[in-house]
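Subject: The structure we talked about

Hi,

Here is the structure I promised to pass on to you.

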Amino acid sequence: MLAEEFFAMDTVMDITLYETDKSDESLRDVMTEVRDRIYETEREFSVTDPKSDVSRINAANGEWVTVSEDTWKLLQDAGFVSDDTNGAFDPTIYPIVRLWGFTTGEYRVPSKSEIEKELKKVGWGSVETNQADGEYKVRLSPDTPGGEIDLGACAKGFLSDSLSELLRAHGVNGVLSLGGNVQTVGTKPDGSDFVVGITDPGDGTSIYKKVIARDCAVVTSGNYERYFEQDGVRYHHIMDSRTGAPADSGLASITVIGESGLYCDAYATAFFVMGEERTRDFLKTEKKDYKVIMIRNDGSSWQSDGIAEAGAE
């Protein structure tokens, strides 16, 4: 076993690798590849690095920007989830997120007029993509001046899928904990499944419950992860594109379990914004393959059928 913890993509990355009889390289060599992949992904998607694809798109003033295939593909997937959830997931919410200070660290409650002004820049329809002659190009529509994207709500999910493929290619099992995103690959050396703890949003540190996870993603979005308080009110970072304010859906956290880290990541954000009733209706008709645990503001919870809990009969 080899475990490493380091900081990247504005969060703590906790990587644990297990050698199997199919491993074709040392765990240290694989860990080096994992670390390199993480930093490469950060350079592509960082909203604060002026050289990243995302920053270049934001700074292009409506001009076409040539991006990597990864960026182009991630934008396609982000667009699908945005359409699928009627904008509950919307990476063009970045002007609003910044207005509240969640990227600058200068937290504040903006005025209604400020919010209305920034909301005019929000809307996934402003993102345009084009693929031709082996090049991938993206722009923000000139009809939406000041629009900006931030792929932070799905980039770690994209990364966990990429790292899972890397580990499987080397015949290595492991657990990838990327902030609120956990991805399991294979099993423990003794053949048993991994166990993932779901954080109690009431204190942000203790474990609310534990679930059994084999070859799947377990992604949590919650109001305890990034927030500030003003005049006794807590304001968290998950914004509702309809109001330009932190989502007030009655949920403290939501965990989505499924095969794809990318989609679990994006849907976790969307479902938090949508709230319990809309999410349960959505799961009935659209996404039956996803399992969900919703923890309400009062500490009670609801979860999908078929979730295997550690220690449960």
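This is a predicted model: local features need pLDDT of at least 70, side-chain atom pairs count only at pLDDT 80 or more; totals for chains, interfaces and linings use all residues.

Strands in a sheet are held to each other by backbone hydrogen bonds, and the pairing can be parallel or antiparallel. Which kind is it here? It's antiparallel: three strands make an open sheet, and their order is β3-β5-β4. The edges are β3 (65-67) and β4 (127-132), each with a pairing on one side only. On average, neighbouring strands in this sheet are turned by 35° against each other, if you ignore direction.

**Helices α1 and α6**

Next, find α1 (residues 27-45) and α6 (residues 152-169). Their axes come within 10 Å and cross at roughly 150°. Angles over 145 degrees count as roughly antiparallel, so that is how α1 and α6 run relative to each other. The crossing of the two is right-handed.

Which residues of α1 and α6 meet? On the α1 side they are V30, E33, V34, R37, I38, T41 and F45, and on the α6 side A155, F158, L159, S162, L163, L166 and L167. Sorted by class, this contact has ten nonpolar, two polar and two charged residues.

**Helices α3 and α7**

Now compare that with α3 (residues 69-84) and α7 (residues 261-285). The axes of α3 and α7 also come within 10 Å, but they cross at roughly 0°, which means α3 is roughly parallel to α7. Here L74, D77, F80, V81 and D84 from α3 meet L262, Y263, A266, Y267 and F282 from α7. By class, that contact has eight nonpolar residues, no polar ones and two charged ones.

**Salt bridges**

How many salt bridges does the structure hold? The count is 15. One to look up is between the side chains of K73 and E69, with 3.0 Å from N to O. Both K73 and E69 sit in α3, four residues apart, which is about one turn of the helix.

Cheers

Notes. Residues are numbered from 1 along each chain as its sequence is written. Side-chain values use heavy atoms; hydrogens and water are left out. Two strands pair if DSSP finds at least two bridges between them. Axes are lines fitted to C-alpha atoms, for helices over the stretch in contact, and angles run from 0 to 180 degrees between N-to-C directions. Angles under 35 degrees count as roughly parallel, over 145 as roughly antiparallel, 65 to 115 as roughly perpendicular and the rest as oblique. A crossing is left-handed if the near helix is turned anticlockwise from the far one by less than a right angle, and right-handed if clockwise. Contact means heavy atoms within 4.5 Å. Ala, Val, Leu, Ile, Met, Phe, Trp, Tyr, Cys and Pro count as nonpolar, Asp, Glu, Lys and Arg as charged, and the others, Gly among them, as polar. A salt bridge is a side-chain nitrogen of Lys or Arg within 4 Å of a carboxyl oxygen of Asp or Glu.
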